[in-house]
Amino acid sequence: MAYKIDNAIIKKDKKGKITLIDPSHVFDNEEAFVAIRSDDLITIQLLINGILNNDFKKWREIKSYSNEESLKTLFVHLGYSKEDVATLLKEF
């Protein structure tokens with residue numbers, strides 16, 4: 001089961017002006033937004049799918065994790081191979 005995270009694009013021009021690109025009008029009534037890099041958003045979606053698939057055994061095997069590490073390194077800590085990540089991506 002794929003978990004859907006509503007998202008839109010926040011674009012910043014050279015002068016610092018921010019424009020919300022939301023063709024589906026998902027965020028029409030929102031007052032505040034959070035910007036997340038697109039590859040981090042995909043990582044978060046994959047991690048949520050792992051949680052929804054009840055793969056808690058792997059989560060318990062993580063011994064240490066530094067807050068300075070990239071979110072993407074969680075896949076390595078969880079024991080995912082490149083092929084596993086490719087399979088997760090295909091589920092979208």
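Reader: Which residues make the nonpolar surface patch of about 340 Å²?

Author: That patch is made by I10, I18, L20 and F33. Bear in mind that this is a predicted model, where local features need pLDDT of at least 70, side-chain atom pairs count only at pLDDT 80 or more, and totals for chains, interfaces and linings use all residues. Residues are numbered from 1 along each chain as its sequence is written, and side-chain values use heavy atoms, with hydrogens and water left out.

Reader: What does it take to join a patch?

Author: Patch residues have over 30% relative accessible area and no salt bridge; like charges are joined within 9 Å, and nonpolar side chains (Val, Leu, Ile, Met, Phe, Trp, Tyr) within 5 Å. A salt bridge here is a side-chain nitrogen of Lys or Arg within 4 Å of a carboxyl oxygen of Asp or Glu. The areas come from the Shrake-Rupley method with a 1.4 Å probe, and for residues only the protein chains shown count as cover.

Reader: Is I10 buried or exposed, or something in between?

Author: I10 is partly exposed because its relative accessible area is 34%; buried means under 20%, exposed over 50%, and partly exposed in between (1.4 Å probe, protein chains only). I10 sits in strand β1, residues 9-12.

Reader: And what does I10 touch, beyond its neighbours within four places in sequence?

Author: Taking contact as heavy atoms within 4.5 Å, I10 meets I18, T19, L20, F33, V34 and A35. Between I10 and V34 there are 9.1 Å, C-alpha to C-alpha, with 24 residues of separation in sequence.

Reader: How many helices and strands are there?

Author: Four helices and two strands, in the order β-β-α-α-α-α along the sequence. These are DSSP runs numbered from the N terminus: helices are H or I, at least four residues, and strands are E, at least two. For the whole protein, buried residues make up 17% of the 92 residues. The accessible surface is about 7600 Å², with 54% of that belonging to carbon and sulfur atoms. Of the contacts between residues at least 6 apart in sequence, 48% join residues at least 24 apart.

Reader: What is the volume of the largest pocket?

Author: About 430 Å³. A pocket, on a 1 Å grid over the protein atoms alone, is an open set of points where a 1.4 Å probe fits, with protein on both sides within 12 Å along at least five of seven lines; lining residues have an atom within 4 Å of a point. Grid points are joined across faces, edges and corners, and the volume is the space filled by probe spheres set on the points. Of the 18 lining residues, N7, A8, V34, A35 and I36 are the closest to the centre. The elements giving two or more residues to that lining are β1 and α1 (38-52), and α1 has the largest share, four residues.

Reader: Where does I42 lie?

Author: In helix α1. I42 and K72 are 9.6 Å apart, C-alpha to C-alpha, and 30 residues apart in sequence.

Reader: Which phi does H25 have?

Author: Most residues other than glycine have a negative phi. H25, not a glycine, has a positive phi of about 60°. H25 is in the loop between β2 (18-21) and α1, and counts as exposed because its relative accessible area is 51%.
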